[in-house]
Amino acid sequence: MKVTDVRVYPIEGRHWPRFPWLFVEVETDTGVSGLGEALSYRSSGVYESLENVKRRLIGRDPTQIELLWEELYRDGVSLPAISGIEIALWDILGKCLNAPIHSLLGGRCRDKVEVYVDGFFRGAKYVEEEYVQKALAAVGQGFRALKMDVDEPIASGRSLNRSLTPRDLKHTARMVAAVREAVGDEVRLAIDCHGAFNVNSAIALAEKLEPYDLMWIEDPVPQENLKAMAKVTLSSKTPVCTGELLNTRYQFRELFEAQAAEIIMPDVARTGGILELKKIATAADTYHIPVAPHNMVGPIATTASVQLCANMPNFFLLESQMGDVAWRDQILKKPLKIVDGCIEVPTEPGLGIELDRIELEKHLAQ
Ligand code: MG
């Protein structure tokens, strides 16, 4: 079997054009093709990278996933582009062997993958009543875990010196307290700081929010300095979660060695693809660290994540977006359904999904 073409479909996803969805399709001479998705930010060059890689893949055996990964990685191809290609290669392999990807990875540890909902607050003002209403609506839909942003809504979260003012610290605590009180203590609640704060402010924030029993504090400081992250982690009673911007087992090795987090969140569409995330998760398990994969783009990346999470012993929760584009489910012929906060694991060969080509055409970026 040989690769005959690589097609890239830029889609107008959520917050377009900030986060385009980049779908990848690898075609072969047997008629079997595979789907993948690459995480991309506007102007990040991932689209161009995928177009360049196309020439290298044509004529190659798509089932040599490790070999092709190593070649692309050593050639300096962008990691999101490698991720998108790699996911498509697994889809091809699964279809050829008539097995879902989770079976090829070692089989299911679970039949359903629990998700937490990010973005439940979209459309609400940063005031207690509105957040409470949105949080209760999410819980009413069956979600048992929520995540809220605590940096973007406040001025301190955008300040260049990364310092939280006493006023913003108090405001944040009020918001978290209100949501916690509304959803009760059986719903998991996390906050995302997007690396907005300095070490002192992050430590102060963690201490202030201690009474609210958070599931995690995400990226309290930027991910570039894992020793600084470790300082927050070691001082905070609430677990720190990080890793959405880290690539490959090599960057995660530094995280583990620095003891920078108690929970990690690699992204399958960015960190290097399915097998790379499996390797990262296995390494995390040797440190007894659970994995809560980051998942912010389209339904192909979500499905690849679900295949992985089904197989991963140390899986914790998968991210899911609320307030996404209205046609998210229509772009798949058989959409992934979230029931009681869980996604059922597809059992069809490969990823187990098919694109609706008519719907896809409607949302292609020009
Ligand atoms: Mg985040």
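At what angle do the axes of helix α6 and helix α7 cross? I began with this question, working from a predicted model in which local features need pLDDT of at least 70 and side-chain atom pairs count only at pLDDT 80 or more, while totals for chains, interfaces and linings use all residues. Residues are numbered from 1 along each chain as its sequence is written, and side-chain values use heavy atoms, with hydrogens and water left out.

**Entry 1: the helix pair**

I found that the axes of α6 (residues 166-183) and α7 (residues 199-208) cross at roughly 35° and come within 10 Å. Axes here are lines fitted to C-alpha atoms, for helices over the stretch in contact, with angles running from 0 to 180 degrees between N-to-C directions; helices are DSSP runs of H or I with at least four residues, strands are runs of E with at least two, and both are numbered from the N terminus. I noted that the crossing is right-handed, the term for a near helix turned clockwise from the far one by less than a right angle. On the α6 side I listed Leu169, Lys170, Thr172 and Ala173, which meet Ala204, Leu205 and Lys208 of α7, contact meaning heavy atoms within 4.5 Å. These residues divide into four nonpolar, one polar and two charged (Ala, Val, Leu, Ile, Met, Phe, Trp, Tyr, Cys and Pro count as nonpolar, Asp, Glu, Lys and Arg as charged, and the others, Gly among them, as polar).

**Entry 2: the domains**

I looked up the division of the chain and found domain 1 (3-99 + 358-362) and domain 2 (104-355), with bounds from an automatic or database domain assignment. Their centres, taken over C-alpha atoms, are separated by 25 Å, and the contact takes 36 residues from domain 1 and 42 residues from domain 2.

**Entry 3: the largest pocket**

I recorded about 730 Å³ of space in the largest pocket. A pocket is an open set of points on a 1 Å grid over the protein atoms alone, where a 1.4 Å probe fits, with protein on both sides within 12 Å along at least five of seven lines; lining residues have an atom within 4 Å of a point. Grid points are joined across faces, edges and corners, and the volume is the space filled by probe spheres set on the points. The lining has 30 residues, with Arg18, Phe19, Glu152, His194 and Glu244 nearest the centre. Because both domains give residues to this lining, the largest pocket lies between them.
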